[in-house]
Amino acid sequence: MKKRCLDILEQSKSRGWVLEPEAKEIMKLNGLHTCRNWWIKDAADIAALKKQFTYPVVAKVISPLIMHKTEKGGVIKNLNSADELTAAFKKLSSLEGFEGILVDEMISGLEIIAGAQDDPQFGKVVMIGIGGTSVEIYRDVAIRLAPLTENEALRAIESLRGLDLLTGYRGAVPVDLKALAGFFSRFSKLVFNLGERFKSIDLNPVMCRGEKILIADARILL
Amino acid sequence: MAIFGISMTNPEHPANIIYSKNKYHYQTKIYCINPSGGTFRGEKVYTGIKEIREHIDVAVLVIRSDLIPAILLECIDAGVSGAIIISGGFSEAGRHDLQEEIRQICLEHDFPVIGPNGLGVFSSPFINTLFFQDERFVKPLEGVIGLASQSGGILVDLMIRFTQEQVGLSRALSIGNKAVIDEVDALRFFNSDPRTKVIGIYFEGFTPLRGRDFIAELKKTRKPVVLFKAGKTPSSMKAISSHTAAIAGDYFVFNEIIKGTDAVEVTTEPDFLSACEALSYYGLRKLDSVAILTLSGGHGVIASDYFHQLGIDVVPFPDPDSRELRDMLSVNIQEIASFSNPVDLTGSASDEDFIQSAKYILQRDYVDGLLVLYLPFIPKMTSSSLPWRLARLRSEYDKPIIAYVPYIPKFGVFIEGFEAHGIPVTHSIESAAKMFKAIKRKK
């Protein structure tokens with residue numbers, strides 16, 4: 001486990017969860033890709049960074065007091081210009097504990113959910129499912145013991161009832177299952193290596209398009 | 001074997017029953033122990049384990065729970081190899097402290113113990129610690145299925161079912177409260193037991209993190225394993241702060257993780273029996289598509305539906321094959337039977353049509369197994385040699401055949417014929433389809 005990861009976890013311990021940009025940093029340090037994102041602490045930085053953004057973007061509040069951002073009105077989507085982003089910054093800055101905003105590029109693709117938890121029977125387990133109603137209504141997920149080889153990860157993905165959605169249903173761009181299996185395997189190894197340092201992890205959603213597997217939101221509970 | 005707890009006043013005391021049945025029906029030499037000494041049915045009653053001069057392989061404890069820690073220490077001191085604790089009065093009765101005490105004694109002295117609060121071991125012809133009079137219980141058949149159960153009552157139920165269906169057991173193990181030996185040890189034992197070819201385990205839950213050891217052991221196991229886990233109520237997820245935790249209840253996690261192994265999971269006692277039985281005949285194998293050979297269209301359609309639900313293909317035969325099969329059979333059925341899949345020979349078919357069809361089907365490389373829906377009441381189904389001839393085809397083509405035969409005593413000659421020649425028989429079409437599902441190796 002890299003020192004920076006351990007430092008983030010240590011610094012977040014008293015809060016009980018890891019701020020989203022730092023959770024994403026841990027993922028990146030372990031070979032998992034995220035949507036491009038910027039932690040903006042001062043509205044003046046928006047102008048300086050504006051050429052780097054590919055609109056539309058989403059702005060999310062960063063606050064040690066707000067874990068469930070959407071419920072607190074801390075997420076503003078479909079921002080198409082620096083002006084809109086600045087306005088969003090101003091709005092979000094009124095939320096309690098405000099420490100800036102996270103600007104995420106909005107990526108199209110198929111949403112999946114990946115997660116991990118400490119199971120009383122099995123210890124560290126990882127989960128993958130297709131996002132939205134597949135997971136929430138049909139509980140169409142695969143759960144396996146961490147860590148997984150790429151082959152085991154692929155078999156888990158192939159066990160999903162909604163596999164057709166991944167392989168190009170109704171002309172959609174198919175998700176590269178090998179790339180997704182690689183992602184899930186790397187995630188499972190991270191989970192295993194984290195050991196007792198966390199309670200649960202949610203990567204929700206992870207956007208998939210072809211070979212691109214990008215984490216759009218990450219939450220680590222300690 | 002030394003049995004603690006022989007009663008001089010209560011002939012139906014479990015210790016007395018265990019003593020009697022082992023003394024007269026099993027091969028292990030048995031000693032009885034009671035601190036009062038004396039004689040029991042003409043045999044010397046020893047006052048303690050140290051009075052016995054011979055080495056004792058197993059001590060069977062049927063005494064008050066609070067006496068057990070001291071007796072265990074005496075057994076360990078006397079060089080006994082292990083113990084079975086039949087007595088209850090431990091964690092199931094709130095005495096977690098007492099169970100923990102015996103666990104610590106056993107771990108400290110590396111002393112294997114089965115139980116407490118279980119029925120112990122059935123391992124014919126050596127030992128049987130189930131405390132039922134023989135005349136009030138079935139006599140299990142010798143076979144290749146090893147059973148382990150957390151519940152003694154369910155183990156008994158399963159033993160009755162297996163015996164009624166003529167399915168034999170290698171050994172049976174009631175692990176009870178599993179203070180020391182649990183389902184992981186049972187799995188490890190049966191995997192190395194030469195008498196056991198299929199392992200069936202009923203249990204209700206793992207102790208913390210033991211599920212991980214169980215999966216590791218399962219991955220090492222070379223034999224088919226059938227798991228029947230009760231306790232499926234989702235655990236209450238209080239804080240839904242984690243999406244993953246909200247989705248993953250205890251049973252759901254178990255069920256999902258088992259999917260990633262080769263083990264077969266069942267959810268009912270009949271399915272447990274069917275899966276164990278089918279695996280004892282055929283083991284795990286590739287089974288992408290099956291063929292159905294029937295004498296009744298309705299039976300064939302129902303079977304197709306079950307296979308579809310279970311994710312097993314019933315692939316229609318190519319037209320040239322259907323035509324070739326039709327031309328081989330009796331003229332009187334050529335215009336009325338169906339020759340795709342299911343192959344429905346109708347009630348006008350003869351034994352010979354049935355055998356020729358089975359042979360042709362088993363020769364097809366796109367068929368991995370054959371379900372025969374055999375109806376002995378069909379007028380031209382007369383030959384009692386049909387099961388034997390089908391069994392010969394099964395061996396020749398090395399493809400599993402499972403037979404459905406409706407049950408009435410008159411059909412016994414056919415049912416026994418199939419079973420005697422190594423073709424499993426069920427009396428429900430659903431169960432037959434589930435048998436195929438059980439032997440299908442996961443991808």
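**View 1. Buried residues of helix α5(B).** In this predicted model, helix α5 (residues 183-192) of chain B buries Glu183(B), Val184(B), Ala186(B), Leu187(B) and Phe190(B). They lie on the same side of α5(B), because they cover an arc of only 160° around the axis. The arc is that of the directions from the helix axis to the C-beta atoms. Buried means 20 or more other C-beta atoms within 10 Å of the residue's own, with C-beta atoms placed from the backbone. Helices (H or I, at least four residues) and strands (E, at least two) are DSSP runs, numbered from the N terminus.

**View 2. The cover over α5(B).** The buried residues of α5(B) are covered by elements of chain B including β10 (142-149), β11 (169-174), β12 (198-203), α6 and β13 (225-229). Contact means C-beta atoms, placed from the backbone, within 7 Å.

**View 3. The contact between chains A and B.** Chain B contributes 20 residues and chain A 26 residues. On chain B, α6 (210-220), α7 (243-247) and α8 (250-259) each supply at least two residues. α8(B) gives the most, with six residues.

**View 4. Residues 235-243 of chain B.** Here pLDDT (the predictor's confidence in each residue, from 0 to 100) stays under 50. The model has 14 contacts beyond four places in sequence for this stretch. Chain B averages a pLDDT of 92, and 96% of the residues score at least 70. The model scores ipTM 0.84 and pTM 0.89.

**Notes.** Residues are numbered from 1 along each chain as its sequence is written, and chains are lettered from A and ligands numbered from 1 in the order in which they are written. Local features need pLDDT of at least 70 and side-chain atom pairs count only at pLDDT 80 or more, while totals for chains, interfaces and linings use all residues.

How values were computed: Contact = placed C-beta atoms within 7 Å. Buried ≥ 20, exposed ≤ 12 C-beta atoms within 10 Å, placed from the backbone.
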